[in-house]
Amino acid sequence: MAFLKVRVTPGARETAIGEWVDGVLRVKVREIAEKGRANEAVARLLAPALGVAAGDVVLKRGATSREKLFEVAGLNDAEIGRRLGAPML
């Protein structure tokens, strides 16, 4: 199990996984930040990009914040970085 820090832009024109900034992945989703819709959209976007089931990407912190922490089951931090193109340290 590993954790992924994400900064979300809800209500964007497009849904996309962006770049890494200071160890935080930037993500844009079309859904608005209402009743958890944007959070669900981020989880649905991340799961196939990581190659895991949708239920393996769980929001752990930041339900009402743009800064979120997702728990990803079945992967370690290095594998998440590799699959999402994180810069090498």
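Leaving aside its neighbours within four places in sequence, with which residues is Asn39 in contact? The answer is Leu59, Ala63, Lys68 and Phe70, where contact means heavy atoms within 4.5 Å. The structure is a predicted model, in which local features need pLDDT of at least 70 and side-chain atom pairs count only at pLDDT 80 or more, while totals for chains, interfaces and linings use all residues. Residues are numbered from 1 along each chain as its sequence is written, and side-chain values use heavy atoms, with hydrogens and water left out.

The overall architecture comes next. The chain contains 2 helices and 5 strands; helices (H or I, at least four residues) and strands (E, at least two) are DSSP runs, numbered from the N terminus. Their order from the N terminus is β-β-β-α-β-β-α. The radius of gyration of the chain is 12 Å, close to the 12 Å that the globule rule gives for 89 residues, so the chain is as compact as a globular protein of that length. This radius is taken over C-alpha atoms, and the globule rule is 2.2 Å times the number of residues to the power 0.38. Along the principal axes, the C-alpha atoms fill a box of roughly 35 × 25 × 20 Å. Of the 89 residues, 35% are buried; buried means under 20% relative accessible area, exposed over 50%, and partly exposed in between, with a 1.4 Å probe and protein chains only. Among contacts between residues at least 6 apart in sequence, 42% join residues at least 24 apart.

Helix 1 has 14 residues and reaches 20 Å from its first C-alpha to its last, close to the 20 Å expected at 1.5 Å a residue. The expected span is 1.5 Å times one less than the number of residues. Its buried residues are Ala38, Asn39, Ala41, Val42, Ala43, Leu45, Leu46, Ala47 and Leu50. An α-helix has 3.6 residues a turn, so residues three or four places apart point the same way. The buried residues of helix 1 pack against strand 1, strand 2 (16-21), strand 3, strand 4 (57-61), strand 5 and helix 2 (77-83). After the helix comes Gly51, which has a positive phi near 75°.

Asn39 itself belongs to helix 1 (residues 37-50) and is buried, at a relative accessible area of 12%. Its side chain makes a polar contact of 2.8 Å with the side chain of Lys68. A polar contact is a pair of N or O atoms within 3.5 Å; within protein, one must be able to donate a hydrogen and the other to accept it, and residues adjacent in sequence count only if both atoms are side-chain atoms.

Attention now turns to the nonpolar interior. A nonpolar core is a set of buried Ala, Val, Leu, Ile, Met, Phe, Trp, Tyr and Cys residues joined through side-chain atoms within 4.5 Å. The largest such core has 23 residues, and those with the most contacts inside it are Leu4, Val6, Val42, Leu46, Leu50, Val57 and Ile80. Strand 1 (2-9), strand 3 (24-28), helix 1 and strand 5 are the elements that give two or more residues to this core. Its largest share, 8 residues, comes from helix 1. Beyond its neighbours within four places in sequence, Val57 contacts Ala43, Leu46, Ala47, Leu50, Val52, Phe70 and Glu71.

Strand 5 is mostly covered, with 5 of its 6 residues buried. Strands pair if DSSP finds at least two bridges between them. Strand 1 and strand 5 run antiparallel and are joined by 6 bridges; here Val6 has Lys68 in strand 5 as its bridge partner. Strand 4 and strand 5 also pair in the antiparallel sense, over 4 bridges, and Val58 stands opposite Glu71. The hairpin of strand 4 and strand 5 has 5 residues between the strands, and Gly62 there takes a positive phi near 100°.

Leu69, in strand 5 (residues 67-72), is buried at 13% relative accessibility. Not counting residues up to four places away in sequence, Leu69 touches Phe3, Leu4, Lys5, Val58, Leu59, Lys60 and Arg61.

Two loop residues complete the account. Most residues other than glycine have a negative phi. Lys35, in the loop between strand 3 and helix 1, has a positive phi of about 55° and is exposed at 73% relative accessibility.
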